[in-house]
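Please open the model in your viewer and keep the selection panel at hand. The tour below goes stop by stop.

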Amino acid sequence: MAPDTHCVLCSDDAHEDIDHLFFQRDFSLRCWQRLGIQWDKNNPIQERVIQAKQNSSLPFFMDICIVAMWEIWKLRNRKVFDGQQASVNLWLHHFKEEAHLQSMRLKESLRPAIVSWINSL
């Protein structure tokens, strides 16, 4: 039996791939919007990230993107394996917790800026 490739978070039977899960879904777009990050969906993913990083004034942009994607992935898995519902507010709560933890691994000079940014969300 072939694995199901439909997005578990969409009601329209969309094909789930990396681009769809992290950049195309309405849910993911609302998550990125909460962080103030815009993506040029006309570019391939790698160029999209490079361009967004260049357009960002955040010195910790990649750290934020990695945590955001990790939390989207975990939310997707909680839906698949535990039947939990997804909400942007729940995602944001988990994102902020994880971002605070990850801020401890940043340079000491960047830590106050990221903590302040997280608290402003």
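## Stop one: a glutamate in a helix

Select Glu98, which belongs to helix α5, spanning residues 88-103. This is a predicted model. Is Glu98 buried or exposed? Glu98 is buried, yet it has no salt bridge. The nearest side chain of opposite charge is that of Lys74, 4.3 Å away. A salt bridge would need a side-chain nitrogen of Lys or Arg within 4 Å of a carboxyl oxygen of Asp or Glu.

Now show the surroundings of Glu98. With neighbours within four places in sequence left aside, Glu98 is in contact with Val67, Trp70, Glu71 and Lys74. Lys74 is thus on the contact list, although no salt bridge is assigned to Glu98.

## Stop two: the cysteines

Next, select Cys31 and Cys65. How many disulfides does the structure hold? The count is zero. For Cys65, the closest cysteine sulfur is the one in Cys31, and the distance of 12 Å is too far for a bond. The cut-off for a disulfide is a pair of cysteine sulfur atoms within 2.5 Å.

Cys31 counts as buried because its relative accessible area is 0%. Cys65 is also buried, with a relative accessible area of 2%.

Val8 is placed in the segment before α1 (18-24). Its relative accessibility is 32%, so Val8 counts as partly exposed.

Conventions: Residues are numbered from 1 along each chain as its sequence is written. This is a predicted model: local features need pLDDT of at least 70, side-chain atom pairs count only at pLDDT 80 or more; totals for chains, interfaces and linings use all residues. Side-chain values use heavy atoms; hydrogens and water are left out. Helices (H or I, at least four residues) and strands (E, at least two) are DSSP runs, numbered from the N terminus. Buried means under 20% relative accessible area, exposed over 50%, partly exposed in between (1.4 Å probe, protein chains only). Lys and Arg count as positive and Asp and Glu as negative; His and the chain ends are not counted. Contact means heavy atoms within 4.5 Å.
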